[in-house]
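Welcome! Here is a protein chain to explore step by step. Please take a moment to look it over before reading on.

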Amino acid sequence: MSTLLIDTAHPKASVAVAKNNKIVAEKSWQADNAVGSALLVAIDDVLDQSGIARSDIACVAVHRGPGHYSALRAGIVTASLLADVLEVPLKHFATKDFHKSKFLEELDRTKSVAVIQPQYEKLNN
């Protein structure tokens with residue numbers, strides 16, 4: 001099973017592909033106002049690097065925050081659309097480290113969702 005992981009909740013955005021509970025390709029970049037367009041390129045890059053076709057993706061998972069509005073929106077909308085088009089489960093997570101011990105195993109046990117409620121950062125005014 002291959003899982004596409006998307007994290008736009010942090011200043012350093014990341015995309016990864018996991019297969020059999022191991023990260024096989026990952027790309028990170030400094031997120032800016034164009035995180036949405038960079039995200040699509042990063043997804044293509046990690047799929048090419050891993051040799052996994054879009055049709056081989058069995059699940060899409062995305063970080064739901066907390067994070068900045070525009071960046072979270074870009075990640076969640078992209079993940080939702082990909083999951084819908086590929087007809088695969090959509091899941092969310094809250095850790096910033098794909099490599100965290102047991103992360104992928106825990107993600108496998110997570111139920112899929114139809115809608116992801118983002119958690120936005122509170123601004124200190």
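The report below goes from the overall fold to a few local details.

## About the model

This is a predicted model, in which local features need pLDDT of at least 70 and side-chain atom pairs count only at pLDDT 80 or more, while totals for chains, interfaces and linings use all residues. Residues are numbered from 1 along each chain as its sequence is written, and side-chain values use heavy atoms, leaving out hydrogens and water.

## The overall fold

Let us start with the whole chain. It contains three helices and five strands; here helices (H or I, at least four residues) and strands (E, at least two) are DSSP runs, numbered from the N terminus. Read from the N terminus on, the order of elements is β-β-β-α-β-α-β-α.

The C-alpha trace spans about 45 × 30 × 30 Å along its principal axes. Of the 125 residues, 41% are buried, where buried means under 20% relative accessible area, exposed over 50%, and partly exposed in between (1.4 Å probe, protein chains only). Among contacts (heavy atoms within 4.5 Å) between residues at least 6 apart in sequence, 60% join residues at least 24 apart.

Strand β1 is mostly covered, with six of its six residues buried. In a regular strand, side chains alternate between the two faces of the sheet. Both faces of β1 are covered: Ser-2, Leu-4 and Ile-6 are buried on one side, and Thr-3, Leu-5 and Asp-7 on the other.

Which strands pair with β1? Strand β2 runs antiparallel to β1, and six bridges join the two; strands count as paired if DSSP finds at least two bridges between them. A hairpin of four residues links β1 to β2, and Leu-5 has Ala-16 as its bridge partner in β2. Strand β4 pairs with β1 in the parallel sense over five bridges, with Ile-6 standing opposite Val-62 of β4.

## Helix α1

Helix α1 covers residues 35–50, 16 residues in total, and reaches 22 Å from its first C-alpha to its last, close to the 22 Å expected at 1.5 Å a residue. The expected span is 1.5 Å times one less than the number of residues. Its buried residues are Val-35, Leu-39, Ala-42, Ile-43, Val-46 and Leu-47. Seen down the axis of α1, these residues fall within an arc of 130 degrees, so they line one face of the helix; the arc is that of the directions from the helix axis to the C-beta atoms.

What do the buried residues of α1 pack against? Their neighbours are β1 (2–7), β2 (12–19), β3 (22–30), β4 (57–63) and α2 (69–86). Just after α1, Gly-51 takes a positive phi of about 75 degrees.

Phe-93 lies in strand β5 (residues 90–93) and Phe-103 in helix α3 (residues 103–109), so the pair ties together parts that are 10 residues apart in sequence. Both Phe-93 and Phe-103 are buried.

Arg-73 lies in helix α2 and is partly exposed, with a relative accessible area of 41%. The C-alpha atoms of Arg-73 and Ala-9 are separated by 9.2 Å, although these residues are 64 apart along the chain.

## Backbone details in the loops

Most residues other than glycine have a negative phi, and most peptide bonds are trans. The loop between β2 and β3 holds Asn-20, whose phi is positive, near 50 degrees. Asn-20 is exposed, with a relative accessible area of 55%. Asn-21 is also found in the loop between β2 and β3; it has a positive phi of about 65 degrees and is partly exposed at 36% relative accessibility.

Where does a cis peptide bond occur? It joins Gly-65 and Pro-66, with omega about 15 degrees. Pro-66 lies in the loop between β4 and α2.
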